Amino acid sequence: MTAFSAPSDHRSLLTPRPGSRGRKIRSVVASGLITLAFFVALVPLVAVVLYVIQQGADQLNWAFLTDPIPIDRAFGPGMGPAVAGTLLITGAASMMAIPLGVLGGIYLNEYGGRGVLARVIRFLAEVMTGVPSVVMGLFIYTFVVLQTKEPNAFAGALALACLMMPIVIRTTDEMLRLVPGELREGSYALGSRKSRTIRTVVLPSAAPGIISGALLAVARAAGETAPLIFTIGIVSETNWSLFNGPNTALSAQIYRNALSPFPGAQERAWGAALTLILIVFIFTVLARLVTAFFSRRQTA
Amino acid sequence: MTMTEDTTANVALVTTGVETPIPQVSTPDESLPPEPPEEGRELVFQVRDLEVRYSGHTAVREVDLDIAANEITAFIGPSGCGKTTVLRVLNRMHDITPGAKVFGRVTYHGEDLYSSKVDSAEVRRRIGMVFQKPNPFPKTIFDNVAYGPKINGRKRSEMADIVEHALTRAALWDEVKDKLKHSGLSLSGGQQQRLCIARAIAVEPDVVLMDEPCSALDPIATARIEDLMEELKREFTIVIVTHNMQQAARVSDRTAFFTAEVDDEGRRVGRLVEFDVTEKLFTAPSDARTEGYITGRFG
C-alpha cells in the first residue's frame with residue numbers, strides 16, 4: 001500500500017491558476033518600470049557629481065584649499081579664505097542652532113506636549129522651515145548688518161542658525177516621540193525624576209536620530225548661498241575672526257567666480273564647488289557613522 | 001510585628017509623621033468583610049474604596065484590599081477588569097499618566113500614599129515595578145542594573161557588588177557575568193525580563209509590583225521567573241497581575257479576582273469581586289462570578 005496517494009480531486013501544484021499568466025506579466029512590467037524610474041532619478045545626481053569632479057578635480061590640491069584668492073584675471077590656486085569662512089560660519093551657526101534646537105525639541109515633546117504653547121511653537125517651527133533662505137539673509141542684513149555697519153562672519157552664522165534651528169527642533173521633537181513609553185516608565189518606576197529620566201534614558205535612546213538630524217542640518221547650511229551674500233561681504237584674504245571684518249564662503253565664491261568672464265576665476269569656481277560637495281559629503285558620511293555607532297552600542 | 005524597623009524608618013517619609021491607621025472593623029462595602037489581620041501578618045498596603053478614572057471615565061471602582069508583607073498577592077480577571085490599573089495605583093504610576101485620577105484611600109505602612117506631602121519618586125524607590133513587556137534600557141547589562149542604585153546615590157565603588165548581587169538574586173548572573181558590557185537588548189526575552197527584575201531589586205525596594213511579567217515569555221522562561229518569585233518573597237512583598245489562573249494558583253498566597261461590569265451608561269467598569277487566600281479562592285470561591293471564571297465559563 002502506498003502511503004502517498006493523492007485524492008482524486010487533487011489538482012497538481014504545477015497546473016497554473018486561471019489568470020496567473022497575466023499577473024506574472026504585469027509584475028515583470030511593473031518591476032521593470034520601477035527599476036527604470038530609479039535609474040532616471042539617478043541620472044541628474046550622478047551627472048552633476050561627475051561633471052563637478054571632472055571640472056574641479058584638477059584644481060584641488062593643498063594650495064587651493066589654503067592660499068588666498070587671486071584676482072579674477074589670474075590663473076592658479078587659491079580658495080583658502082572661502083574654505084576657512086565656510087568652516088567658521090557653519091561652525092558658529094551649529095554652535096548656536098544645535099544646542100538651542102535640541103533644547104527646543106526637548107521642551108516640545110517632553111514638557112509642552114499637546115499644550116497650546118507647544119502647538120504654537122511647533123507650528124512656527126514648521127513655518128520657519130519653509131522660509132526661503134534669501135529672506136532669512138535679508139532679515140539678518142536689516143537687523144544686524146545695517147546696525148553694525150559692517151558685514152561679518154557672525155551675521156552669516158546668525159542667518160544660517162535661523163535656517164538650521166527649525167530643522168533641529170523638528171528632528172529632535174520627532175526622535176523623542178519615537179522613544180517608547182515603556183522606557184520612560186521603566187525609569188520612573190526606579191524612582192527617577194523627570195529631568196533625570198530625560199537626561200539618562202530618553203535622550204541617549206534618541207541620540208542617534210538627533211545627531212544624524214543635526215549633522216544633516218549642518219550639511220544643508222554649509223551649502224547655503226543666498227543668506228551669506230547679504231551678510232558676510234567678500235574678502236580675498238583669510239579672516240578667522242568671527243566678529244571683525246568681512247568674510248567669504250565657498251558658496252559665495254562659487255556664485256561670484258562662476259559669473260566672472262575670466263577663465264581662471266571660472267576654474268576656481270569649479271574647484272570650490274567640488275570642495276563644497278566634499279565637505280557636505282564628509283558631514284553626511286559622519287552622520288551615518290555616528291548613527292550606526294550609537295545604535296550598535298545600544299543593542300549589541 | 002516582624003518589621004518594626006521598617007515601619008519606623010518610613011516615618012521620615014512625611015514630615016507630619018504617621019497618620020492614624022485605618023480601623024480594621026468597618027469598610028464601606030458590606031459585601032466584602034475585612035480580613036481580620038492574622039497573627040504576624042504585617043500589612044503593607046491598605047486600599048479602601050478605590051476608584052480610578054481616565055479622563056473622567058471610571059476604569060475601576062469600589063476596591064478594598066489588604067496586602068501583607070512577604071506574601072505574593074495575585075490579581076486575576078478578564079481583560080479590562082482594572083487589575084493593572086489597581087496595580088499602578090500602588091506605586092503612584094498614574095501620576096505620570098495624563099488624565100488619570102485616583103480616588104479613595106491607599107495607605108502604605110499606615111501612611112497615606114497619596115498625601116500631597118509624599119514624593120512620588122520616593123514612593124517608587126521603595127515600591128519597584130516589573131512590566132508586561134521586558135523594557136531594558138538601551139544600555140549595557142551593567143548600567144541597566146546600576147541605574148537605580150545610581151539614582152539613590154550609591155557610590156561608584158559599591159556598584160560592582162550591587163550589580164552582581166542583584167543579578168544573582170534574579171538568577172541571571174551566571175548567564176551574563178562574562179558580558180556585562182553588552183547591551184541589555186542583546187539578551188533573549190526571558191533574560192531581558194530577569195534583567196528587569198534585577199534592575200528593580202537592585203534598589204532594595206520593599207515591594208515589587210509585577211504587571212503580567214510572563215505574558216511575553218515562553219513556558220521555560222515563565223517557570224524560571226515563577227521559581228524566582230518564590231525566592232524573592234522572602235525579602236520582598238510581591239504583587240503580581242496575571243491573566244494566567246494557573247500561574248496565580250501556583251505562585252500566590254492570596255488572590256484578588258476582578259471582573260468588568262457594564263454600568264448604566266454602557267461602559268465597562270472594573271470591580272473587585274473576591275479577595276481571599278489563594279487556595280480557598282480556587283477551591284471554594286464564595287462568589288458565583290469567581291467560580292464561573294476559574295472554571296472557564298466566562299472571561
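The contact between the two chains draws on 17 residues from chain A and 23 residues from chain B, where two residues count as touching if their C-beta atoms, placed from the backbone, lie within 7 Å. Helices here are DSSP runs of H or I with at least four residues, strands are runs of E with at least two, and both are numbered from the N terminus. By type, the chain A side splits into seven nonpolar, six polar and four charged residues; Ala, Val, Leu, Ile, Met, Phe, Trp, Tyr, Cys and Pro are taken as nonpolar, Asp, Glu, Lys and Arg as charged, and the others, Gly among them, as polar.

This is a predicted model, so local features need pLDDT of at least 70 and side-chain atom pairs count only at pLDDT 80 or more, while totals for chains, interfaces and linings use all residues. Residues are numbered from 1 along each chain as its sequence is written, with chains lettered from A and ligands numbered from 1 in the order in which they are written.

Next comes the nonpolar core, meaning a set of buried Ala, Val, Leu, Ile, Met, Phe, Trp, Tyr and Cys residues joined through C-beta atoms within 7 Å. A residue is buried with 20 or more other C-beta atoms within 10 Å of its own, exposed with 12 or fewer, and partly exposed in between. The largest such core holds 148 residues, of which A:M164, A:V168, B:A198, B:I201 and B:V208 touch the most other members. Helix 6 (residues 153-177) of chain A is its top contributor, with 17 residues. Leaving aside residues up to four places away in sequence, B:A198 touches B:V145, B:A166, B:L167, B:A170 and B:L172.

Helix 5 (residues 133-148) of chain A has a kink of about 40° centred on A:Y141, the bend being the angle between axes fitted to the seven residues ending there and the seven starting there. Buried in helix 5 of chain A are A:M136, A:G137, A:I140 and A:V145, and their cover includes helix 6 and helix 9 (226-231) of chain A. Just past the end of helix 5, A:K149 takes a positive phi of about 65°.

Over in chain B, strand 9 (residues 254-262) and strand 10 pair in the antiparallel sense over nine bridges; pairing takes at least two DSSP bridges. The two strands form a hairpin with five residues between them, and B:G266 in the turn has a positive phi of about 85°.
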